[in-house]
Amino acid sequence: MGIKKSNKLSQAALLKQILKRCSSLGKKHGYNDVDGLPIDVPKGHFPVYVGVNRTRYIVPISFLTTPEFQLLLRRAEEEFGFHHEMGLTIPCEEVVFRSLTSMLR
């Protein structure tokens, strides 16, 4: 019996794929030229924008493996696509997002 290879992307690979789809990352002032991430975001995290006011949240990449966050990412892609000026925007009310992320920590 052979060992099955997982077809899931690693957390880092998934994050890079998402960030590459965000056309504004790495192109504006305040972004690291090496990896394209905002300078003020700690390693192992990434920014998202949530709610009607597009409030910025910094979330750990470990969230990318949770089914709940993956659902939010699919909704974001369906509603906004990944080619817009503001980075990764999550179509969710802030209170719902904060509640979800507090459960994921």
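This is a predicted model: local features need pLDDT of at least 70, side-chain atom pairs count only at pLDDT 80 or more; totals for chains, interfaces and linings use all residues.
The predictor's confidence in each residue is given by pLDDT, on a scale from 0 to 100. Residues are numbered from 1 along each chain as its sequence is written, and side-chain values use heavy atoms, with hydrogens and water left out. The protein chain has an average pLDDT of 75, and 59% of its residues reach at least 70.

Next comes the overall layout. Three helices and three strands are found in the protein chain; these are DSSP runs, of H or I with at least four residues for helices and of E with at least two for strands, numbered from the N terminus. Their order along the sequence is α-β-β-α-β-α. Of the 105 residues in the protein chain, 39% are buried, where buried means under 20% relative accessible area, exposed over 50%, and partly exposed in between (1.4 Å probe, protein chains only). Among contacts with a separation of 6 or more, 50% join residues 24 or more positions apart.

The strands can be followed from β1. Strand β1 covers residues 45-50, and five of its six residues are buried. Six bridges pair β1 with β2 (residues 55-60) in the antiparallel sense, and two strands count as paired if DSSP finds at least two bridges between them. Here Phe46 stands opposite Val59 of β2. The two strands make a hairpin with four residues between them, and Gly51 in the turn has a positive phi of about 80°. β1 also runs parallel to β3 (residues 89-90), joined to it by two bridges, with Val50 opposite Ile90.

The largest nonpolar core holds 17 residues, of which Phe46, Val48, Val59, Phe69, Leu72, Ile90 and Phe97 touch the most other members. Such a core is a set of buried Ala, Val, Leu, Ile, Met, Phe, Trp, Tyr and Cys residues joined through side-chain atoms within 4.5 Å. Two or more residues come from each of β1, β2, α2 (67-80) and α3 (94-104), and α2 gives the most, with four. Beyond its neighbours within four places in sequence, Val48 contacts several residues, including Tyr57, Val59, Phe69, Leu88, Ile90 and Phe97.

Aromatic rings complete the picture. Rings of Phe, Tyr and Trp (its six-membered ring) pair if their centres lie within 6.5 Å, with planes under 30 degrees apart counted as stacked, over 60 as edge-to-face and the rest as tilted. Four aromatic pairs are found in the whole structure. In one of them, the rings of Phe63 and Phe69 have centres 5.8 Å apart and planes at 55°, so the pair is tilted. Phe63 is buried at a relative accessible area of 2%, and Phe69 is buried at 0%. Ring pairs join Phe46, Tyr57, Phe63, Phe69 and Phe97 into a cluster.

Note on methods
Contact means heavy atoms within 4.5 Å.
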